[in-house]
Amino acid sequence: PRGWTGQGAEPIPQPGAGMGGGAEGKVCDGPRGSGSPRKGSKGEGAMPLYACCSPHRLPERMGSATSLSSAVINTRLQELVRLFKERTEKVKEKLIDSDVTSDDESPVPAPAAAPLPAPGGEQEGDKPSRDDHYCEMLCCTFKRQPWLDRLKSYKFPSSIDPLTNLMYVLWLFFVVMAWNWNCWLIPVRWAFPYQTAANIHCWLLVDYLCDLIYLLDILIFQTRLQFVQGGDIITDKKAMKENYLRSQRFKMDVLCLLPLDFFYFKVGVNPLLRFPRCLKYMAFFEFNNRLEAILTKAYIYRVIRTTAYLLYSLHVNSCLYYWASAYEGLGSTTWVYDGEGNSYIRCYYWAVKTLITIGGLPDPKTLFEIVFQLLNYFTGVFAFSVMIGQMRDVVGAATAGQTYYRSCMDSTIKYMNFYKIPRAVQNRVKTWYEYTWHSQGMLDESELLVQLPDKMRLDIAIDVNYNIVSKVALFQGCDRQMIFDMLKRLRSVVYLPNDYVCKKGEIGREMYIIQAGQVQVLGGPDGKSVLVTLKAGSVFGEISLLAAGGGNRRTANVVAHGFANLFILEKKDLNEILVHYPESQKLLRKKAKKMLKSNNKPKEEKGGPGDPLIIPPRAETPKLFKAALAATGRMGGKGPLGRLRWRLKELRALQQAQVSTAACLAALDIQCVHPCCRLRSALQPALAALDALHEPPCFLS
């Protein structure tokens, strides 16, 4: 084992232990990595560990901790130096430009150095405990708690939000299933001979299972439902229980669990004794409201529910028809059921023909049959008309948006036809309607949010648009609340392919942020060359929005490349917002100044290509040399300095002649086969003068 030098020997500590070097109790080996102890290290007289190690390795181990500490200190010092430099630059910039906001931020602390590893190998915290359960999958080991432990550790919530808790909606589903069992099968078991002594235990088992669901709903769920009182959400257990006990829901729940089953011992198992179980209808309507609130297409569920209403009315009518046939006697007349085939299917077919008033039914013979048939006809006409009207309302609500879109489009087309708008313009209007409707499901987003309070509109705007606006470089560094206020003023507009978003020279009153699609900036001599293509997240038009004093004209044409969805922020809206945020106003004003300066620079200053000079511009004359030339002038131009001054005047004259000659050539527009030859012939006198001055005076050499 590691840390032992022989049988019965004590573990030998390393020199320098605790200073970060070496592992404690490790046997010194010969060659690195061999792992074999040195000879003579067994039994008594074993050689000490530090005696067999090579002497040049001890200083390296002893100094490892010192070098690591030095590296950490060096890193911290570099971080402090960087922070001081940044703060100095901010202060310097503030002194130069007073518009810069002063943000006295505290320096970010440097990341803490990683703790030194313990010399004994892996730490105790990394060792897996014996009580933990692990699951090996592929090459990794995942910590997993058994399902039984998770079930034991689960704690039922003390209060339930009935509006947003999905677990409560799932529980209502089971309650509604139990309620449907009673509503659909109690009439069947009462009218048809499907409940017999052979299968009575199966019916009773499901019945009492449904009763258990009713009881759990009363004891566990309904007493934990939160409610609103005086604008506050009440979550106290005692208050929630008292609120449920005082409600109408509790009275109906208790009524539907009346123990009428004890009469089974006297009259037998009669399904009609379970009829109070159908009074739990409030759970059914609550489930409908909760389910429609979480479904994306709730109209589909409404259509299914309305169809179920119609099927249930036919179901009850078929049960009543079989009961009337059994009362009169099966097959006694032509009107009653004759007892052949599947009794439920045949009675259901008769109920469909009666309630929908299809006709073709046999005439009733007795007074009971006549009264029963009349009641069926009246009920059928009323029920069928109600179902038709409800289905029309459901379908109309589902297609209300599509109907509004079609009415707007039809009105626009009628207007364009009345004023004889060109066909090309009409086609573009139709394309805009179709693309806007299919892309966002509505024509104007502001109409949808106008009923919501200001806070909710802000929350929706943040979720939809904040990720795009926060990436705009113009607004980076501004107040976060100012950006939130700006999100509520943004207006979404869809542009068709080749639509001009803005034109050069027009007055700019808006700024554009690209939400989806691309736009192209056009320029050049013909105004049709694509200078740059802007994609989603880009911003343009900010110069016209932020400029003041006549600098708010568009500087380029911008055309939509394909369908483009843009956010528009108007200048008046931004000015109203910036009144409340002076620091952000200063920052945006500074950015606007920088943009205007960069756009107003002449092309020569921006490094544009110029005409090549034969004689490059000379460097500035040193001050000492200028003083010597001035002294020469006072001496009357005699001596070497006087001659040098005369030759420098000639060089200056030659430079001026070169500039004027180049201007003349550009004005005359000289055409030549070889421009260099023509330029050399035109400047031949200047070149001859240069040949005479190619030797510098002895003073310059």
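Arg 290 touches Pro 162, Leu 163, Val 169 and Leu 172, leaving aside residues up to four places away in sequence, where contact means heavy atoms within 4.5 Å. The model is predicted, so that local features need pLDDT of at least 70 and side-chain atom pairs count only at pLDDT 80 or more, while totals for chains, interfaces and linings use all residues. Residues are numbered from 1 along each chain as its sequence is written, and side-chain values use heavy atoms, with hydrogens and water left out. Arg 290 lies in helix α10, helices being DSSP runs of H or I with at least four residues and strands being runs of E with at least two, numbered from the N terminus. At 18% relative accessibility, Arg 290 counts as buried; buried means under 20% relative accessible area, exposed means over 50%, and partly exposed lies in between, with a 1.4 Å probe and protein chains only.

**Annotated segments**

- The unreviewed UniProt entry lists residues 166-188 and 200-221 under "transmembrane region"; UniProt positions are given in the numbering used here, feature names are shortened, and annotations may be inferred rather than shown by experiment.
- Over residues 166-188 the model is 100% helix and 0% strand, with the end C-alpha atoms 33 Å apart.
- Residues 200-221 are likewise 100% helix and 0% strand, and their end C-alpha atoms are 31 Å apart.

**Aromatic rings**

- The structure holds 32 aromatic pairs, a pair being two rings of Phe, Tyr or Trp (its six-membered ring) whose centres lie within 6.5 Å, with planes under 30 degrees apart counted as stacked, over 60 as edge-to-face and the rest as tilted.
- One of these pairs is formed by Trp 179 and Phe 284, which are stacked at 4.9 Å centre to centre with 25° between the planes.
- Because Trp 179 lies in helix α5 (residues 166-191) and Phe 284 in helix α10 (residues 281-294), the pair ties together parts that are 105 residues apart in sequence.
- Trp 179 and Phe 284 are both buried.
- A single aromatic cluster is formed by Trp 190, Tyr 321, Trp 323, Tyr 327, Trp 335, Trp 350, Phe 368 and Phe 372.

**Charges over rings**

- Lys 280 lies over the face of Tyr 214, at 5.3 Å from the ring centre; the criterion is that NZ of Lys or CZ of Arg is within 6 Å of the ring centre and within 35 degrees of the ring normal.
- Lys 503 lies over the face of Tyr 500, at 5.0 Å from the ring centre.

**Salt bridges**

- A search of the whole structure finds 26 salt bridges, each defined as a side-chain nitrogen of Lys or Arg within 4 Å of a carboxyl oxygen of Asp or Glu.
- Lys 280, which lies over Tyr 214, also forms a salt bridge with Asp 217, the closest N and O atoms being 3.2 Å apart.
- This pair links distant parts of the chain, with Asp 217 in helix α6 (residues 200-221) and Lys 280 in the loop between α9 (264-267) and α10, 63 residues apart.
- Asp 217 and Lys 280 are both buried.
- Asp 261 and Arg 274 form a salt bridge whose closest N and O atoms are 3.6 Å apart.
- Since Asp 261 lies in the loop between α8 (248-256) and α9 and Arg 274 in the loop between α9 and α10, the pair ties together parts that are 13 residues apart in sequence.
- Asp 261 and Arg 274 are both buried.
- Lys 488 forms a salt bridge with Asp 454, with the closest N and O atoms 2.9 Å apart.
- That pair links distant parts of the chain, Lys 488 being in helix α18 (residues 480-489) and Asp 454 in helix α17 (residues 454-469), 34 residues apart.
- Lys 488 counts as partly exposed at 32% relative accessibility, and Asp 454 counts as partly exposed at 40%.
- Salt bridges that share partners join Arg 189, Asp 207, Asp 211, Asp 261, Arg 274 and Arg 277 into one network.

**Strand β10 and its partners**

- Ten of the 14 residues of strand β10 (residues 557-570) are buried, so this strand is largely enclosed by the rest of the structure.
- Strand β5 (residues 491-495) pairs with β10 in the antiparallel sense over five bridges, where pairing requires that DSSP finds at least two bridges between the strands, and Arg 491 stands opposite Ile 568 in β10.
- Strand β6 (residues 500-502) and β10 pair in the antiparallel sense over two bridges, and the bridge partner of Tyr 500 in β10 is Val 559.
- Strand β7 (residues 510-523) runs antiparallel to β10 and is joined to it by eleven bridges, with Asn 565 in β10 as the bridge partner of Ala 516.
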